[in-house]
Amino acid sequence: GSVGTGDSKLFSLFEHFEVRQQLLTRKAIFCLDCDVKKNLVATHPLLRIVRLSKNSANKIADRGVENLLPESAFLNEFYRQKVEALPYGGKKEVVTLDKVRMAAGICLEGGLLYNTRADLLSLFEPVVRSIRQAVT
């Protein structure tokens, strides 16, 4: 993942606002992945929590925001391969999803999946509705 991301950073920021509620002058929305086990409870009226639902049909990415995408979105072009050296002269190939490349392929005009983005992103609609509801 990217530097400075992940659950621990999100929880730290949430706790920061819970402890220093005077810093909240606007609504703050915390969007949690479907696999987050921790139960966050907002005690300030400007703090909102939205949870992503689980897409059980996606067997490729069983967690994270990528779980809301259909399996058809996981094209080979969105993966990176690198070879890591192992002790005693061995090597192993590591294949990882390039999330930025995938997002560009879906969201940027001319991207590999740009023309099908409405279908690919359909499971995000409930999340968008929840966020809109939280900010109104």
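Colleague: Is D62 buried, partly exposed or exposed, and why?

Modeller: Bear in mind that this is a predicted model. The general idea is that a residue is called buried under 20% relative accessible area and exposed over 50%, with partly exposed in between. D62 counts as partly exposed because its relative accessibility is 42%. Its side chain meets that of R63 in a salt bridge, at 3.7 Å from N to O, and D35, D62 and R63 are linked in a network of such bridges.

Colleague: How many salt bridges does a search of the whole structure find?

Modeller: The search finds seven. One of them joins the side chains of D98 and R80, with 2.5 Å between N and O; this pair links distant parts of the chain, since D98 lies in the loop between β4 and α2 while R80 belongs to strand β3, 18 residues apart. D98 also forms a salt bridge with R101, where the closest N and O atoms are 3.7 Å apart.

Colleague: Which of these partners counts as buried, and why?

Modeller: D98 does, because its relative accessibility is 10%, under the 20% limit for burial. R80, by contrast, is partly exposed, with a relative accessible area of 46%, and R101 is likewise partly exposed, at 34%.

Colleague: Where is F78 placed, then?

Modeller: F78 sits in the loop between β2 (47–51) and β3 (79–85), and it counts as buried because its relative accessibility is 1%. Its C-alpha atom is separated by 5.7 Å from that of R101, although the two residues are 23 apart along the chain. Beyond residues up to four places away in sequence, the contacts of F78 include A73, D98, R101, M102 and L113.

Colleague: Which residues touch the most other members of the largest nonpolar core?

Modeller: Of the 14 residues in that core, they are L69, A73, F74, M102, I106 and L113. With residues up to four places away in sequence not counted, I106 touches L69, A73, L113, Y114, R117, L120 and L121. Apart from this core lies another, of 10 residues, among them F14, V36, L40 and L47.

Methods:
Residues are numbered from 1 along each chain as its sequence is written. This is a predicted model: local features need pLDDT of at least 70, side-chain atom pairs count only at pLDDT 80 or more; totals for chains, interfaces and linings use all residues. Side-chain values use heavy atoms; hydrogens and water are left out. A nonpolar core is a set of buried Ala, Val, Leu, Ile, Met, Phe, Trp, Tyr and Cys residues joined through side-chain atoms within 4.5 Å. Buried means under 20% relative accessible area, exposed over 50%, partly exposed in between (1.4 Å probe, protein chains only). Contact means heavy atoms within 4.5 Å. Helices (H or I, at least four residues) and strands (E, at least two) are DSSP runs, numbered from the N terminus. A salt bridge is a side-chain nitrogen of Lys or Arg within 4 Å of a carboxyl oxygen of Asp or Glu.
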